[in-house]
Amino acid sequence: MRLQTSLLAFAAVAATAGSAAAQTEIEFWHAFTGRLGELVAEQVETFNASQSDYVVVASHKGNYSETLNAGIAAFRAGEQPDILMVFEVGTATMMAAKGAIKPVFEVMADAGADFDQDAFIGSVKGYYTSSDGQMLSLPFNSSTPVLWVNRTALEAAGIDPDTDLSTWQKVGETLDALKAAGSECPLTTAWQSWIHLENLSAYHNVPFATKDNGFSGTDTELALNGPVQVQHIAQMGEWAKDGKFIYAGRRNEGGANFRAGECALFTESSAGYAGIKAEAEFDFEVRPLPYWEGVEGAPQNTIIGGASLWVMEGQSDEEYKGVAEFLKFLSSVDIQAKWHQDTGYLPITTAAGEKTKEMGFYDENPGTDVAVIQMTAKEPTANSKGLRLGSFDQIRTLIDEELEGVWAGDKTAQEALDSAVERGNVLLRRFEQSAQ
Amino acid sequence: MEKRVTFKGIWLPLLLVLPQMLITAVFFFYPAGQAVWQSLFIPDPFGLSMQWVGLGNFEYLLSDPYYRASFATTAVFSILVTVVSMGVALYLAVLADRLIKGSGTYRTLLIWPYAVAPAVAGVLWLFMFNTRVGVVTWYLGQLGYDWNHVLNEGEAMGLVVVASSWGRVSYNFLFFLAGLQAIPKSVIEAAAIDGARFWMRFRTIVFPLLSPTTFFLLVVNIVYAFFETFGVIHTITSGGPQQATTILVYKVYADGFVGQDLGSSAAQSVILLLIVSVLTIVQFKFIERRVHY
């Protein structure tokens with residue numbers, strides 16, 4: 001009896017081992033939970049069902065920072081996954097880790113996969129390509145900041161909800177009117193460094209950092225204390241003092257206030273769409289991010305936030321073939337168009353954007369194409385291709401600290417941004433040293 | 001005459017302390033040694049290369065005025081957390097000790113918060129004091145007070161102190177209550193017969209007899225405030241506004257686990273380790289003299 005059971009067990013184990021050997025397993029670590037987690041699982045299932053050579057196993061490893069940490073710890077232990085999701089601020093860290101990562105263009109070439117880098121939207125791809133234009137990681141979820149408008153709140157304040165909000169000058173007039181009408185939260189924001197400094201710089205075609213924002217070398221220095229940035233932050237500081245700009249926190253805390261209908265205007269990622277659509281009980285609208293009229297070259301294009309997929313070094317050729325297949329699948333038109341429509345993230349290929357348009361999605365959901373247009377209206381310049389700075393997470397934190405000094409009225413915009421540059425440069429020098 | 005229990009030979013006592021020594025070696029000496037070693041390098045996050053910098057990481061840290069400022073922040077925070085959590089716990093323990101009916105229920109309720117993880121406690125307090133939807137914020141608003149810990153440094157510090165002390169009160173309460181109940185009733189009754197009022201009895205008899213417990217809790221709470229509070233800081237303020245709540249241990253976490261700067265993070269741990277060792281030695285040398293066992 002006992003012998004029989006163990007024989008059966010052995011047979012069962014042998015059988016599963018046999019079937020597993022036939023399929024190569026691809027490990028994929030990501031940072032998505034909730035609805036986004038479900039959508040990723042769906043993509044993986046579709047891929048697994050579409051062919052029989054490879055099985056992608058997706059695992060959730062915590063938030064962005066935790067996923068990156070898990071990947072790093074696993075690499076140190078020699079247990080790294082095939083594919084790791086890394087948020088955009090971790091890009092320089094990954095790039096500097098030669099010997100830990102295998103660039104996507106190489107993976108594709110080695111696998112002999114038919115892979116056209118030109119199919120990707122320039123301003124999305126640009127963030128993740130080397131200075132000679134080779135794709136290092138595959139953009140996965142990308143968004144860009146836009147202006148969210150609570151039309152009901154504008155009407156309640158006696159303002160025409162269709163009023164022009166394309167420039168910060170016009171926004172300023174609207175904020176005055178809102179304040180005069182008794183609004184307690186005329187404007188709030190999420191991700192202040194990303195929107196009001198990083199994107200502000202790209203959008204006005206001024207550098208955020210030297211050396212093409214870090215793209216042409218780790219010996220880059222911050223340049224975010226230029227006149228355009230100082231003037232913008234000074235104006236935001238004025239608005240904060242007058243109660244026209246309400247600061248809610250370093251991340252997207254302001255989203256709760258906007259979705260609850262308390263705030264009239266809100267600068268936030270285009271990917272805020274799903275949440276706002278689900279919760280807002282008022283008439284809302286997406287507008288392009290405002291720019292300062294009179295700044296030469298504005299509006300240029302905005303840059304992205306989000307994450308990309310990095311392929312880790314040290315796997316078998318067979319696995320890399322599978323990885324190439326999977327990445328090709330993820331960037332295929334149908335999958336991308338669906339992802340874009342489901343999540344509010346940008347389509348990463350031009351074809352996926354066009355397909356969404358043909359399907360009539362933008363007509364049914366007005367404003368969902370604002371982000372796409374804003375990103376693609378102009379060919380990116382050296383100032384608007386993206387940012388590649390080491391220790392960027394820490395730099396963002398110190399920018400947050402300095403901006404809080406301005407919002408609280410403790411520092412002038414010039415003092416705060418000068419201090420941010422000085423402190424940030426110290427971190428950049430340390431990173432340069434560690435990356436040697 | 002002092003009574004001493006002695007072992008014959010040294011093998012049995014060695015064997016008996018061995019498990020403790022092993023645990024200390026594996027979970028304390030080894031990681032601490034690693035931290036000291038790593039603090040002398042600038043490694044890249046993936047462990048692909050390491051650059052010897054000697055004391056460069058320490059020089060880098062100590063020349064940073066923001067890092068030096070976080071020593072003062074840490075001192076204020078640790079003192080407040082220790083005083084608040086021990087003060088409230090002692091007060092509650094004295095009250096619970098005098099209870100005759102229903103003391104079990106009170107005690108259980110008071111011990112409960114200890115079971116809540118620091119990060120969860122942080123989230124609970126954050127919700128109550130949320131600047132837009134928090135219950136407490138709303139009531140304060142009714143009273144005409146505009147609560148905004150997102151920009152007000154003092155309020156932010158107050159909030160993280162309260163949130164860090166809250167769970168700790170339970171732990172301290174437990175020890176104080178046990179300490180109080182160990183004081184012989186006859187001593188207190190004798191004092192009462194002699195005409196000593198409650199406050200007099202507390203000051204001259206109860207508190208001195210409680211001093212071993214108080215001393216133990218002082219050491220343990222300072223260590224807690226220095227090392228275990230980063231979860232609360234992380235969930236409530238992330239060290240802000242500006243750097244108002246960036247305490248040393250939070251910076252270790254932020255630079256190491258978020259910033260991937262392992263060299264600096266290791267050097268910071270070593271500095272923290274030194275501070276707490278010195279503090280503990282000072283406490284044992286100077287305060288313990290005043291403790292009556």
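User: When is a residue called buried, and which residues of helix α16 (residues 350–358) of chain A are buried?

Analyst: A residue counts as buried if 20 or more other C-beta atoms lie within 10 Å of its own. In this predicted model, that criterion picks out residues in helix α16 of chain A, and they are Ala352(A), Gly353(A) and Thr356(A).

User: Why do the buried residues of α16(A) line one face of the helix?

Analyst: An α-helix has 3.6 residues a turn, so residues three or four places apart point the same way. Seen down the axis of α16(A), the buried residues line one face because they fall within an arc of 100 degrees.

User: Which elements are included in what covers the buried residues of α16(A), and what phi does Gly360(A) take?

Analyst: The cover over the buried residues of α16(A) includes α15 (333–343), α17 (361–364) and α18 (370–376) of chain A. Just after α16(A) comes Gly360(A), whose phi is positive, at about 85 degrees.

User: How many residues of domain 1 of chain A are in contact with domain 2 of chain A, and which helix gives the most to that side of domain 1?

Analyst: The domain assignment gives chain A a domain 1 made of 2–143 + 305–364 and a domain 2 made of 145–302 + 390–434, and their C-alpha centres lie 31 Å apart. Across the contact, 12 residues of domain 1 of chain A meet 14 residues of domain 2 of chain A. On the domain 1 side, the residues divide into 4 nonpolar, 7 polar and 1 charged. The element that gives the most to this side, with 3 residues, is helix α4 (residues 91–96) of chain A.

User: Which element gives the largest share of the side of chain A that touches chain B?

Analyst: The contact takes 31 residues from chain A and 25 residues from chain B, and by class the chain A side has 11 nonpolar, 12 polar and 8 charged residues. Elements that give two or more residues to this side are α3 (64–76), α4, α12 (254–259), α19 (392–407) and α20 (413–434) of chain A. The largest share, 8 residues, comes from α19(A).

User: In the open sheet of chain A, which are the edge strands, and what is the bridge partner of Leu187(A) in β9(A)?

Analyst: The open sheet has 5 strands in the order β8-β7-β9-β6-β10 (chain A), with mixed pairing, and its edge strands, each pairing on one side only, are β8 (245–246) and β10 (284–287) of chain A. Strand β7 (residues 187–189) of chain A runs parallel to strand β9 (residues 265–269) of chain A, and 3 bridges join them. In β9(A), the bridge partner of Leu187(A) is Leu265(A).

Key:
Residues numbered from 1 in each chain as written. Chains lettered and ligands numbered in written order. Predicted model: local features only at pLDDT ≥ 70, side-chain atom pairs only at ≥ 80, totals over all residues. Domains from an automatic or database assignment. Contact = placed C-beta atoms within 7 Å. Helix = DSSP H or I, 4+ residues; strand = E, 2+ residues; numbered from the N terminus. Nonpolar A, V, L, I, M, F, W, Y, C, P; charged D, E, K, R; others polar. Pairing = 2+ DSSP bridges. Buried ≥ 20, exposed ≤ 12 C-beta atoms within 10 Å, placed from the backbone. Arc of directions from axis to C-beta.
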